[in-house]
Amino acid sequence: MLAEAPTPLPPIVVHRPTMRIIDGMHRVQAAVLRGEDRVEVRFVDGTADDAFVLAVRLNAEHGMPLSRRDRVAAAERIISSHGRWSDRRIAEVTGLSPVTVSALRRRTTADSDQVEARTGRDGRSRPVDSAVGRRRAVQVIAARPDASLREIAQEAGIAPATARDVRRRIREGKDPVPAKLRGTAQDSGEAAGSGVRNRVLAETAGHGPRVRSEPVVVAGPGRFANLRKDPSLRFSEAGRALLQLLAAANELDDERWRWLMSAVPAHRHADIARAARLCGERWLAFAEELERGSGMRASRAV
């Protein structure tokens, strides 16, 4: 089919140091069938391991779909060569789910080879143990109560969504590190994190610079019901649209999330994950804008 195509074929991709074809074997075969002795080439440099990653990525994007066995084998090789990459970053390249990549990492990586931080798809390095990042976030919040979620996330090396959860848990008087992420009771890091958390809570009680302690708007059915009763929201088209969006998210419990995830085929995990993350980032920006507006009104009132 490629040999019979009337239009010129896209350039193949070749690893310059080894002159191996990374992407375009079928295009080369098509050129041979056409009787051509030249093809257009795009050369790339880098290590052989980097070339392999690029080959897997390009194949996943537009090439012949890899079988699951091939994708698993590719993930295992990338885990070995790019061990500092996050599970999500490797999953995006191979077309597997982050859960599958995590299981492969545990199976193929010795404890002594584990790293403390991994690089995500955005190029940022984050701690493997999210409890460490959460404790750093608590310290950032204690030192800079008015810092935005993005500033907290950047300084603590965590995702903005995690920073938001830490701040919410502090406001509600909870441990910023969920029980499932905590180590043993003798974990010195946890003790240090709890101490900072207690100090932040004390400051919210009036013993120092206050952390903004306004409640999270949608934290349960009761608060959401109050929102739906507010005429200033119900009697405007934009307000009703906002309530509908919040209602949809408020009704998703853990079981329903699992039900939704079961509908996503393996080859679409990365695409749906990117779409979900984009939606989350938009909600996060929306929340930060509201918080900045609330802070400005409070300043004018003072």
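## Overall composition

Of the 302 residues in the protein, 31% are buried; here buried means under 20% relative accessible area, exposed means over 50%, and partly exposed lies in between, with a 1.4 Å probe and protein chains only. The structure is a predicted model, in which local features need pLDDT of at least 70 and side-chain atom pairs count only at pLDDT 80 or more, while totals for chains, interfaces and linings use all residues. Residues are numbered from 1 along each chain as its sequence is written, and side-chain values use heavy atoms, with hydrogens and water left out.

The secondary structure comprises 14 helices and 5 strands. These elements are DSSP runs numbered from the N terminus, helices being H or I of at least four residues and strands being E of at least two. The accessible surface of the protein is about 19100 Å², and 55% of this surface belongs to carbon and sulfur atoms; such areas come from the Shrake-Rupley method with a 1.4 Å probe, and for residues only the protein chains shown count as cover. Among the contacts with a separation of 6 or more, 58% are accounted for by residues 24 or more positions apart, a contact being heavy atoms within 4.5 Å.

An open sheet is formed by 3 strands in the order 2-1-3, with mixed pairing. Strand 2 (20-23) and strand 3 (41-44) are at the edges and have a single partner strand each, so one side of each is left without a neighbour in the sheet. On average, neighbouring strands of this sheet are turned by 40° against each other, direction ignored. Axes for such angles are lines fitted to C-alpha atoms, for helices over the stretch in contact, and angles run from 0 to 180 degrees between N-to-C directions.

Strand 1 (residues 12-15) and strand 2 run antiparallel and are joined by 3 bridges, whereas strand 1 and strand 3 run parallel and are joined by 4 bridges. Two strands are taken to pair if DSSP finds at least two bridges between them.

## Side chains and the hairpin loop

In a regular strand the side chains alternate between the two faces of the sheet. In strand 1, Ile12 and Val14 point one way, Val13 and His15 point the other way, and all are buried.

The hairpin of strand 1 and strand 2 has 4 residues between the strands. Met19 lies in this loop and has a positive phi of about 60° although it is not a glycine. With a relative accessible area of 53%, Met19 is exposed.

## Salt bridges

Side chains of opposite charge can pair when their charged atoms come close. The whole structure contains 14 salt bridges, each defined by a side-chain nitrogen of Lys or Arg within 4 Å of a carboxyl oxygen of Asp or Glu. Arg144 meets Glu151 in one of them (3.3 Å, N to O) and Glu155 in another (2.0 Å, N to O). Glu155 lies in helix 7 (residues 149-156) and Arg144 in the loop between helix 6 (130-143) and helix 7, so this pair ties together parts that are 11 residues apart in sequence. Partly exposed residues here include Arg144, at 32% relative accessibility, Glu151, at 35%, and Glu155, at 47%.

A further salt bridge joins the side chains of Asp165 and Arg168 (2.5 Å, N to O). Both residues lie in helix 8 (residues 160-171), 3 residues apart, about one turn of the helix. Asp165 is buried, with a relative accessible area of 17%, while Arg168 is partly exposed, with 23%. Arg134, Asp165, Arg168, Glu172 and Lys174 are linked in a network of salt bridges.

Arg77 lies in helix 3 (residues 68-81) and is partly exposed at 39% relative accessibility. Leaving aside residues up to four places away in sequence, Arg77 touches Ala48, Asp49 and Phe52. The C-alpha atoms of Arg77 and Phe52 are separated by 9.0 Å, although these residues are 25 residues apart along the chain.

Leu245, Trp283, Phe286 and Leu290 make a nonpolar surface patch of about 380 Å². Patches are made of residues with over 30% relative accessible area and no salt bridge, like charges being joined within 9 Å and nonpolar side chains (Val, Leu, Ile, Met, Phe, Trp, Tyr) within 5 Å. Helix 14 (residues 269-301) gives the most to this patch, with 3 residues. Phe286 is found in helix 14 and is partly exposed, with a relative accessible area of 36%.
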